[in-house]
Amino acid sequence: VGATVSQVAAASARGLREKAAAWLAFLAKAYLAIGAFLVVLGWFLLPKIAALVSPSDAETARATARWAFWLTFTPLLEIPRVVLCAGMQGTRTMLPFARTESAQEAIRVFLVIAFAIVTDSPEGPVAGMVVASALGSLLAIEQYRGARVGREELLPAPREILAQFRDVPLLRGLPLGLKLGLCRSIDAVGVQVLPTLFLQRYGSSEWVAYVRLAQRVMNVPMMFMQGISRTMLPRLSELAGVQDRERFRATFVKASLYSG
């Protein structure tokens, strides 16, 4: 998603609407391939994993595997939301993007709690998650349609994205996506994993617990940083697309200092 957002922003800054549509088609194709792979993998592996986790209770293992398998469909159901939100973020159409993201989480929380109360079973929250994914995509389609009013030259129409779906190469964006994924993984290992491993090795479990609590507390103000980071990614990509190095450097320094 990050690779797609950056490329859509760079293409939009240069007026290359067809290229932006191609990158969104790539994201849809990649999500479809990964989602289908997860469904197939879940069908074969989840019963075996559940049996290993609960070897003494076969009925619980079967039920757990069934509920987990339902959740493998969420990436497929969320394809429209993921693709259209990437388009809105890449073109810095932030108000409809924020509405979609916030409403999606509100719908998810409401349905998970409501289905849990109604069914009084673990099946309820799982079903609520699946239904929320589908409703979030419908909401994204509605918000994207409204966002295109007056901005048709910037936001590709869904039919333009679908027109490129078959021909866009799946390997096109993988190198950039893998680079971004590697950066995220290094960050997660360095911030979340290694400190606790070292503390457990040279300190105690209490130290690990204190650090975990401190990290969770710090996540609260970091939530407000998402508004900055989600805006800065397409903005820096726009400047990279038009090769404005000076403004890129100045924007990067200001964003880093002010947000820090």
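1. A residue is called buried here when its relative accessible area is under 20%, exposed when that area is over 50%, and partly exposed in between, using a 1.4 Å probe and protein chains only. By that criterion, 32% of the 260 residues of the protein count as buried.

2. This is a predicted model, in which local features need pLDDT of at least 70 and side-chain atom pairs count only at pLDDT 80 or more, whereas totals for chains, interfaces and linings use all residues. Residues are numbered from 1 along each chain as its sequence is written, and side-chain values use heavy atoms, with hydrogens and water left out.

3. The protein holds 12 helices and 0 strands, where helices (H or I, at least four residues) and strands (E, at least two) are DSSP runs numbered from the N terminus. Its C-alpha atoms fill a box of roughly 60 × 45 × 35 Å along the principal axes. With contact meaning heavy atoms within 4.5 Å, residues 24 or more positions apart supply 71% of the contacts that have a separation of 6 or more.

4. On helix packing, α5 (residues 79-90) meets α7 (residues 123-147) at an angle of about 30°, the axes lying 7 Å apart; the axes are lines fitted to C-alpha atoms over the stretch in contact, and angles run from 0 to 180 degrees between N-to-C directions. That makes α5 roughly parallel to α7, given that angles under 35 degrees count as roughly parallel, over 145 as roughly antiparallel, 65 to 115 as roughly perpendicular and the rest as oblique.

5. From α5, the contact draws on Ile79, Pro80, Arg81, Leu84 and Met88, and from α7 on Gly136, Ser137, Ala140, Ile141, Tyr144 and Ala147. These residues divide into 8 nonpolar, 2 polar and 1 charged, where Ala, Val, Leu, Ile, Met, Phe, Trp, Tyr, Cys and Pro count as nonpolar, Asp, Glu, Lys and Arg as charged, and the others, Gly among them, as polar.

6. Glu78 sits in the loop between α4 (74-77) and α5, and is buried, with a relative accessible area of 12%. Leaving aside residues up to four places away in sequence, Glu78 touches Gln104, Arg108, Ser133 and Ser137.

7. Helix α11 (residues 225-241) has 17 residues and reaches 24 Å from its first C-alpha to its last, close to the 24 Å expected at 1.5 Å a residue, the expected span being 1.5 Å times one less than the number of residues. Among its buried residues are Met232, Arg235 and Glu238, and the cover over the buried residues of α11 includes α1 (2-13), α5 and α12 (245-259). Gln243, which follows α11, has a positive phi near 60°.
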